[in-house]
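Open the model in your viewer and keep a distance tool to hand. This tour goes from one selection to the next.

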Amino acid sequence: MRVGVLTGGGDCPGLNAVIRAVVRRGVQEFGLEFTGFRDGWRGPLEADTVPLGVEAVRGILPRGGTILGSSRTNPFAEGGSGRGGVDRIKDNLARLGVDALVAIGGEDTLGVAARLHAEGVRVVGVPKTIDNDLGATDYTFGFDTAVNIATEAIDRLHTTAESHHRALIVEVMGRHAGWIALHAGLAGGANVILIPENPFDIDKVCGYVEHRFQTRYAPIVVVAEGASPKDDSLATSSGKTDAFGHVQLGGIGSLLAAEVEKRTGKEARCTVLGHIQRGGTPTAFDRVLATRFGLHAAQAVQDGAFGQMVALRGTDIVRVPLAEATRELKTVPAERYAEAEVFFG
Ligand code: F6P
């Protein structure tokens with residue numbers, strides 16, 4: 001059997017570890033052959049391939065990014081109805097002799113995988129996203145690395161904030177879910193954590209900031225890029241959208257810093273961590289999770305378990321239907337946010 005592998009959506013540390021494990025197990029244990037598709041769904045749409053064997057995956061375990069490249073191409077958005085994109089993918093797979101696909105991605109990439117499976121394409125999914133917001137798995141790889149990077153940044157910001165008696169606002173990634181903000185904020189001892197699930201009250205935030213200054217420490221505010229105030233007064237977006245209709249975010253941190261400075265009279269600065277959270281080598285946790293996902297994805301292909309996604313439940317890797325995997329986003333529950341609120345101010 002020849003298996004195509006692709007990585008779609010925002011990249012994240014651990015993608016190469018998945019590719020390596022799928023290929024190593026697939027070739028060595030099951031005698032499968034592999035073809036890499038470049039740049040997510042663009043690869044099968046345009047028949048853009050790269051050879052993928054055991055040699056090609058040597059040495060990539062600790063490397064960030066993806067050797068296959070990624071994109072946010074949506075085959076269902078191509079040519080209006082989307083029908084054209086689906087037919088092109090099917091024709092290309094048949095022409096290239098690719099019998100099955102392993103699609104590694106987040107809600108969008110796996111949403112496409114689920115729809116293609118319904119159209120008869122044999123596909124196994126592997127969940128990834130630094131946002132950790134896929135409902136069907138307890139964790140996605142990339143999240144732990146992003147949290148560690150953000151935590152280290154917060155640790156560093158504490159010392160400079162205190163030297164200069166400034167409030168420092170740290171903007172982290174998290175479009176719909178505030179998991180990175182919550183975990184990094186807790187691990188880094190932030191004074192306020194603001195997440196998309198819980199629109200914030202700017203007066204309250206300024207109250208926490210002022211209280212922190214009174215205790216002679218400098219406040220650190222962690223804000224997820226998708227967070228917004230209750231009254232929408234600071235809501236930001238570039239207005240640009242991707243092929244899946246997501247608005248490009250970014251900017252809430254600077255607006256918040258300006259507002260805090262205006263209202264408290266204290267100097268406030270903003271640090272945007274941005275893509276630093278997505279780059280570089282994965283943590284050991286993410287390498288192990290990604291490797292286990294890859295090993296189980298190869299097994300799923302061998303078993304003919306198409307239309308399924310591998311997922312982490314507790315400490316076990318299980319299979320869930322792709323359709324279920326993309327049905328619901330996993331956002332931060334109110335009680336988890338309430339736990340963190342103990343440390344605010
Ligand atoms: O989905 C992961 C993610 O990093 C989000 O946290 C963020 O909103 C988005 O991707 C940014 O995507 P891009 O790199 O395409 O701007």
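Select glycine 174 and the ligand. A backbone N or O atom of glycine 174 lies 3.4 Å from an oxygen atom of the ligand. This is a predicted model, and every distance here is computed from it.

Next, select aspartate 131. One of its polar side-chain atoms lies 2.7 Å from a ligand oxygen atom. Then pick glutamate 225. An N or O atom in the side chain of glutamate 225 is 2.4 Å from an oxygen atom of the ligand. How much of the ligand does the protein bury? Taken alone, the ligand exposes 400 Å², and 80% of that is buried by the protein.

Now show the whole shell. Besides Gly174, Asp131 and Glu225, the ligand is surrounded by Arg72, Ile130, Met173, Arg175, His275 and Arg278. By class, the shell divides into five charged, two polar and two nonpolar residues.

Which residues does arginine 25 contact, leaving aside its neighbours within four places in sequence? They are Phe30, Leu295, His296, Ala298 and Gln299. Zoom in on leucine 295. Its backbone oxygen lies 3.1 Å from a polar side-chain atom of arginine 25.

Last stop: alanine 297. Arginine 25 and alanine 297 are 272 residues apart in sequence. In space, C-alpha to C-alpha, arginine 25 and alanine 297 are 9.4 Å apart.

Technical notes:
Residues are numbered from 1 along each chain as its sequence is written. This is a predicted model: local features need pLDDT of at least 70, side-chain atom pairs count only at pLDDT 80 or more; totals for chains, interfaces and linings use all residues. Side-chain values use heavy atoms; hydrogens and water are left out. A residue is near a molecule or strand if one of its heavy atoms lies within 4 Å of it. A polar contact is a pair of N or O atoms within 3.5 Å; within protein, one must be able to donate a hydrogen and the other to accept it, and residues adjacent in sequence count only if both atoms are side-chain atoms. Accessible areas come from the Shrake-Rupley method with a 1.4 Å probe; for residues, only the protein chains shown count as cover. Ala, Val, Leu, Ile, Met, Phe, Trp, Tyr, Cys and Pro count as nonpolar, Asp, Glu, Lys and Arg as charged, and the others, Gly among them, as polar. Contact means heavy atoms within 4.5 Å.
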